[in-house]
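Welcome! Have a look at the protein below, and then we will walk through it together, one region at a time.

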Amino acid sequence: MPRVFMILAAVTLAIFIGLFYQNSAQKKHQADLLEYETVLEEKTESIAQQAQDWSKPIELELEDDRLDGDYAIMAEFMLGQLRDSAEERNQYLRDLKAANWQNFLDIDRLAKDQAQDYKETEAMLKQVHQIVNSYQQQIQQRDAELINKAQQLDIKNRYRQQLTANLQADQQQSNAHAIFEIEKQSLAKADALFAVLKKHKWQKKNKTFMFYEDKAVKEFNALYKEILNLNKQMQQIATANQ
């Protein structure tokens, strides 16, 4: 075979081998990516289901034998962040329950507390504000550290850049953060509602707050309606998030 044909044959073979390798590598990459997405979907669903029962800690095995290399590192990082974030949220809810926050507007409790100059309610509000402030600090610290942690992962640079971009977008559009912002607004309304109860004379009648002044009735009803609207907004966001 003339030398020129041998060279052409060698080049053709090299191209064929290169294309075959490229095709095989692409198929493996697609298979690995699909497995990665499957693991994330399954375990994220597990976190979401467990988080609904916030009375119990979330349990999750981060490692998964189906993944290795960069995908294993990314999955463990992402799932660990999701688990810890959900657990912080659930601990926040447990703390609110321990403070008896769900009974803030219970008329029997308030009528009893009225006789002791609202000492219980004032202590409750003080504790709830501390819980909310502590949780807000946790969120801010987690957000501040999250991107830096992602940038330190021992993975390929293109994966690191994409992961960082995704996390930054998630922080800007977080439904969990949106719900918490509404919860803070609701707490402010609760403060205002309690101020009305303290300022104006009222009594319990047929499970209803009966005020002696029309002005107090209007203020109380307006604030109560705003709280209900805020609760409705939180439900809508939670439903969309699910």
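## Ground rules and the overall fold

Two residues are in contact when they have heavy atoms within 4.5 Å of each other. Among contacts in the protein chain between residues at least 6 apart in sequence, 69% join residues at least 24 apart. This is a predicted model, in which local features need pLDDT of at least 70 and side-chain atom pairs count only at pLDDT 80 or more, while totals for chains, interfaces and linings use all residues. Residues are numbered from 1 along each chain as its sequence is written, and side-chain values use heavy atoms, with hydrogens and water left out.

The protein chain has 7 helices and 2 strands. Here helices (H or I, at least four residues) and strands (E, at least two) are DSSP runs, numbered from the N terminus. Along the sequence, the pattern reads α-α-α-α-α-α-β-β-α. Of the 242 residues in the protein chain, 32% are buried. Buried means under 20% relative accessible area, exposed means over 50%, and partly exposed lies in between (1.4 Å probe, protein chains only).

## A walk along helix α2

How far apart are the end C-alpha atoms of α2? They are 43 Å apart, which agrees with the 44 Å that its 30 residues should span at 1.5 Å a residue. The expected span is 1.5 Å times one less than the number of residues in the helix.

G69 sits in α2 and is partly exposed, because its relative accessibility is 48%. Its C-alpha lies 8.1 Å from that of I155, although G69 and I155 are 86 residues apart in sequence. D95 also belongs to α2; with a relative accessible area of 29%, D95 is partly exposed. Between the C-alpha atoms of D95 and I131 there are 7.0 Å, and 36 residues separate the two along the chain.

Most residues other than glycine have a negative phi. Just after α2, N100 takes a positive phi of about 65°.

## The nonpolar cores

In soluble globular proteins, nonpolar side chains tend to be buried together. A nonpolar core is a set of buried Ala, Val, Leu, Ile, Met, Phe, Trp, Tyr and Cys residues joined through side-chain atoms within 4.5 Å. The largest one here has 30 residues, and those with the most contacts inside it are Y92, W101, V128, L197, W202, F209 and F211. At least two residues of this core come from each of α2, α3 (107-114), α4, α6, β2 (208-211) and α7. Apart from it lies another core, of 24 residues, among them I47, A72, F77 and A150.

Take V128 as an example: not counting residues up to four places away in sequence, V128 touches L96, A99, W101 and L187.

## The second largest pocket

A pocket is found on a 1 Å grid over the protein atoms alone: it is an open set of points where a 1.4 Å probe fits, with protein on both sides within 12 Å along at least five of seven lines, and its lining residues have an atom within 4 Å of a point. What is the volume of the second largest pocket? It is about 600 Å³, taken as the space filled by probe spheres set on the points, which are joined across faces, edges and corners.

This pocket is lined by 22 residues, of which L96, W101, Q102, S186 and N231 lie nearest its centre. α2 (69-98), α4 (119-151), α6 and α7 (214-241) are the elements that give two or more residues to the lining.

H200 lies in the loop between α6 (175-199) and β1 (202-205) and is buried, because its relative accessibility is 6%. Leaving aside neighbours within four places in sequence, H200 is in contact with F211, E213, A216 and E219.

L230 lies in helix α7 and counts as buried at 6% relative accessibility. Beyond its neighbours within four places in sequence, L230 is in contact with I182, Q185, S186 and K189. L230 and K189 are 41 residues apart in sequence, and their C-alpha atoms are 9.7 Å apart in space.
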